[in-house]
Structures are given as C-alpha cells and as structure tokens.
Amino acid sequence: MPNPLDRFSPTRKCGAEPLHSSGTPVDGSVLDFWRWSTSDLMSNATRGRFAEYLVHRAVGGADDAVRDEWDAFDLTTAVAKRQANVYVFALLHERTILDPLDVAHWTFFVLPTKTLDARIRCQHSITLASLIREDGEGVPYERLHDAIKTAGVVV
C-alpha cells in the first residue's frame with residue numbers, strides 16, 4: 001500500500017480534463033479552474049508564478065515541464081553548474097495599461113549567488129534600489145537568457 005505522505009509528482013494537464021464524481025462527469029474542467037483561479041495575472045501569487053514561467057521560457061525550458069511547488073528551487077537549466085548559483089528578480093512595471101502578457105512590461109535583474117552572499121545588509125530581502133545598484137537597470141526579456149548564462153559563469 002502506498003504511503004499517503006510520499007511526495008506527489010505532478011503531471012502536465014491540457015485543460016480538457018473534466019471534473020467528475022467517481023468517473024461520472026460533472027460540470028467543469030481543469031481549464032475552467034485555471035480561468036477561475038489564475039486569470040488575475042496581477043495578484044501577488046499568480047504574478048510571481050508567471051514571472052517564473054517567463055524565466056523558464058527565456059532559458060529554453062522544456063515545453064512539457066510542470067512547475068513543482070515543493071522543489072527546492074524554481075527552475076533547472078543546463079546553465080546552472082550547482083544549485084542556486086543565479087537568482088533572477090522580475091519587476092512588472094506600472095504602465096498606463098498594465099499587461100503582464102506583454103514581456104516589454106517586465107525587467108529582470110540577474111545576480112550570481114556570490115553577489116548576494118557578499119551583501120552586508122539583510123540576506124532575506126532586497127530592494128529595487130539595491131538591485132539597480134548591483135545589476136544596473138536590469139535586462140529586458142529578450143536578453144534574459146544571455147544574462148543568466150553570463151551570471152552563471154561568475155562563480
């Protein structure tokens with residue numbers, strides 16, 4: 001008998017999976033749930049996950065990958081030589097018409113762990129002013145992959 005406390009491995013959904021009661025379909029689907037729960041890309045939790053997705057896409061993450069809430073890190077890539085050697089901070093700019101789907105509304109700050117470890121101030125948070133001091137004005141989505149590769153070399 002499987003242990004109910006064993007780690008659950010998520011499987012990729014397409015959205016068409018119906019809700020059901022012991023195999024009998026009931027009203028609703030996974031896509032309906034997604035639309036209901038994550039359509040607000042401006043909410044703090046969803047915006048953070050969406051930023052992770054943008055980084056995943058920028059570094060060429062697998063199309064069939066599934067985000068694992070319980071992983072010790074957000075993404076794995078061929079760039080990394082060891083766990084967490086690069087941190088990506090994402091900033092969604094306020095515009096007249098804010099659109100999280102428009103990657104031009106995002107700026108990314110890419111810092112090697114070494115840079116963060118050298119900080120004398122708090123190790124648990126960082127301000128936008130500190131990010132700008134450490135990484136200049138950041139990079140747009142189109143240059144994110146290269147910035148991550150460059151920061152990953154600085155060990």
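A salt bridge is a side-chain nitrogen of Lys or Arg within 4 Å of a carboxyl oxygen of Asp or Glu. The structure above, a predicted model, holds two of them. In this predicted model, local features need pLDDT of at least 70 and side-chain atom pairs count only at pLDDT 80 or more, while totals for chains, interfaces and linings use all residues. Residues are numbered from 1 along each chain as its sequence is written, and side-chain values use heavy atoms, with hydrogens and water left out.

Helices (H or I, at least four residues) and strands (E, at least two) are DSSP runs, numbered from the N terminus.

How accessible are the residues in this pair? Glu52 is buried, at a relative accessible area of 18%, and Arg67 is partly exposed, at 37%. Here buried means under 20% relative accessible area, exposed means over 50%, and partly exposed lies in between (1.4 Å probe, protein chains only).

The other salt bridge pairs Arg57 with Asp63, and its closest N and O atoms are 2.6 Å apart. Arg57 is partly exposed, with 35% relative accessibility, whereas Asp63 is exposed, with 52%.

The last stop is the loop between β1 (18–21) and β2 (24–29), where Ser22 is found. Ser22 has a phi near 50°, a positive value in a residue other than glycine. Most residues other than glycine have a negative phi. Ser22 is also exposed, at 77% relative accessibility.
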